[in-house]
Amino acid sequence: QVKNKAPAEVQITAEQLLREAKERELELLPPPPQQKITDVEELNDYKLRKRKTFEDNIRKNRTVISNWIKYAQWEESLKEIQRARSIYERALDVDYRNVTLWLKYAEMEMKNRQVNHARNIWDRAITTLPRVNQFWYKYTYMEEMLGNVAGSRQVFERWMEWQPEEQAWHSYINFELRYKEVDRARFFNITLLVIVHPDVKNWIKYARFEEKHSYFAHARKVYERAVEFFGEEHMDEHLYVAFAKFEENQKEFERVRVIYKYALDRIPKQDAQNLFKNYTIFEKKFGDRRGIEDIIVSKRRFQYEEEVKANPHNYDAWFDYLRLVESDTDAETVREVYERAIANVPPIQEKRHWKRYIYLWINYALYEELEAKASKRTRQVYQACIELIPHKKFTFAKMWLLYAQFEIRQKNLPLARRALGTSIGKCPKNKLFKGYIELELQLREFDRCRKLYEKFLEFAPENCTSWIKFAELETILGDIDRARAIYELAIGQPRLDMPEVLWKSYIDFEIEQEEYEKTRNLYRRLLQRTQHVKVWISFAQFELSAGREESLSRCRQIYEEANKAMRNCEEKEERVMLLESWRNFEEEFGTDATKERIDKLMPEKIKKRRKLQAEDGSDAGWEEYYDYIFPEDTANQPNLKLLAMAKLWKKQQQESEAAEMDPDKDIDESQS
């Protein structure tokens, strides 16, 4: 009993205890004293103690096989073979499934040259545990080392009855080959392939075995049987690569090419990468340019197939794929790819999604017409495409026009007209009208052209180009009154897309007909609608080019009218443009008095500043710009005249100050 239960003065923590224990592990313990045995009694006493220790350990835990093995090895070291054998037997009674125990037991017998005992142990081992390959390997190796070839073969045959893994069969085959038993090796190769392990690699090994022993006909038959055995359902690229390399070694290049093509046509592309690679190498070594191109085409076809499989609506990939197959394959293959491509209809009925897709149909039709020379199939392609397009939402005028042009090339004019008429009835478009009219013009069917223009203008009365083309047609046909009436109808339309072009065409038409009065009336009517400076300048130039005596006076009068009309114009640049055109006219045809007069009308160009504002209304600084001051305007405004005089006085003052100071210094002129 502890009398003093007070805490010790020095406290020891658990961490300190662990650290000291770890440090003391490093201290070297003194070795046990060596015991020298001098007589038989001491030896027997030592053996008795050791045996008692081993037996105690075994009695404590019989299932620990390492104790049995150490005990037996100790007895073996004392040359007590019978005792060691007894210990191994006792251990086998405890655990006969322990592989290590059987191996140590057999190794002990072989080490001590107890061959029959070793055979007995191996027989018991392979009988008890026939699926442990190590026993069979050791047993056959022992018999072969002893020179007992027949015994080793007998063990192998017993082993093969259990149909072990491939390596066991190859070991038996190699054993027979070491003793030149080629026929037996061939027999077991066949057994291995057909019955037990019919894998591709085993067929290849069998074929190489025949090739190695110069049985080339047999090797070829093995490859052919392998191809027939696996069929088209279980094709493997490694088999065909090996077959092709064998034929290549035999200089049978045509057979090699046939093998590669046969395999490439049937094996899925993603599983034939190695096949492609070897075929390419072969063609580069032994093939011609055509063969190399074929393999490159095959590779590209595989790439395109992968792309269109990943995204069937990738029409650019389809275009590339079709371009490839058109250049290298037969018509049926091309048609098959086209049919696959056009089957991928855009999922959304919006024209922007169909623009690329429709060219698949166009290319298909052109291929059938130009390359395949199949007009009937071409017509079917066009008709199928036209039926597919949702014309109520959108259409493609290009498709209708191409179909009509195809029918014309086939000398089938009624069908072409029917197609274009149907297109105008279902989905009228400017492009369709223009294409139909151009067709009838080429056929010199002018009455049909007139009817088409009438329909066109009913559909799109704001289209100035159509009015102009219609009038030009009537002009070409010599019906001037109809042309003039068309122009009058055109300029009378409430809404036009390019009215300036239409008016210019009408004016040019009257000028060509030398109807100058009507031209002047047209200019006057146009000026009632617009006071644009270009109209005035064109009017003046027309009067100048009229070629009569009063043309100069008329031209000058037009400029006068234009100048008066544009005094209130906000766009001063247009007024300046008019005056410059007038000045050019006077410099060429005018007198000194008229030149001086126009010079007085020319404006003065001045620089001004104005305040800028940002979008949020804040101050954004100042901006400089040029403005024009016209003398006619300043004469009517006295304040501007006074301002000009003040400006002149200020300028004189600045010049006098500059003369007194450095004459080279620049003085900025401020303008108010």
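The model is predicted, so local features need pLDDT of at least 70 and side-chain atom pairs count only at pLDDT 80 or more, while totals for chains, interfaces and linings use all residues. Residues are numbered from 1 along each chain as its sequence is written, and side-chain values use heavy atoms, with hydrogens and water left out.

**Exercise 1. Get an overview of the chain.**

Work out how many helices and strands the chain has, and what share of its residues is buried.

Solution. Start with secondary structure, where helices (H or I, at least four residues) and strands (E, at least two) are DSSP runs, numbered from the N terminus. That gives 35 helices and two strands. Next comes burial: buried is under 20% relative accessible area, exposed is over 50%, and partly exposed is in between (1.4 Å probe, protein chains only). Of the 672 residues, 39% are buried. The chain exposes about 42,100 Å², and carbon and sulfur atoms supply 49% of that. Finally, take contacts (heavy atoms within 4.5 Å). Among those between residues at least 6 apart in sequence, 47% join residues at least 24 apart.

**Exercise 2. Check the confidence.**

Find the mean pLDDT of the chain, then see which stretch has pLDDT below 50.

Solution. pLDDT is the predictor's confidence in each residue, from 0 to 100. The chain averages 80, and 90% of its residues reach 70 or more. Residues 663–672 are below 50, and beyond near neighbours in sequence this stretch has 10 contacts in the model.

**Exercise 3. Take Lys138 and Ser505 in turn.**

For Lys138 and Ser505, name the helix and list the contacts.

Solution. Lys138 belongs to helix H7 (residues 133–145) and is partly exposed, at 31% relative accessible area. Leaving out residues up to four places away, Lys138 touches Leu103, Glu107 and Trp122. Leu103 is 35 residues from Lys138 along the chain, and their C-alpha atoms are 8.8 Å apart.

Ser505 is in helix H28 (residues 499–512) and is buried, at 13%. With neighbours within four places set aside, Ser505 contacts Ile468 and Tyr487.

**Exercise 4. Inspect a surface patch.**

Which residues form a nonpolar patch with about 330 Å² of accessible area together?

Solution. Patch residues have over 30% relative accessible area and no salt bridge; like charges are joined within 9 Å, and nonpolar side chains (Val, Leu, Ile, Met, Phe, Trp, Tyr) within 5 Å. A salt bridge is a side-chain nitrogen of Lys or Arg within 4 Å of a carboxyl oxygen of Asp or Glu. The patch is Val10, Ile12 and Leu17. Val10 lies in the segment before helix H1 (14–25) and is exposed, at 66%.

Conventions: Areas by Shrake-Rupley, 256 points an atom, 1.4 Å probe, with all protein chains shown as cover.
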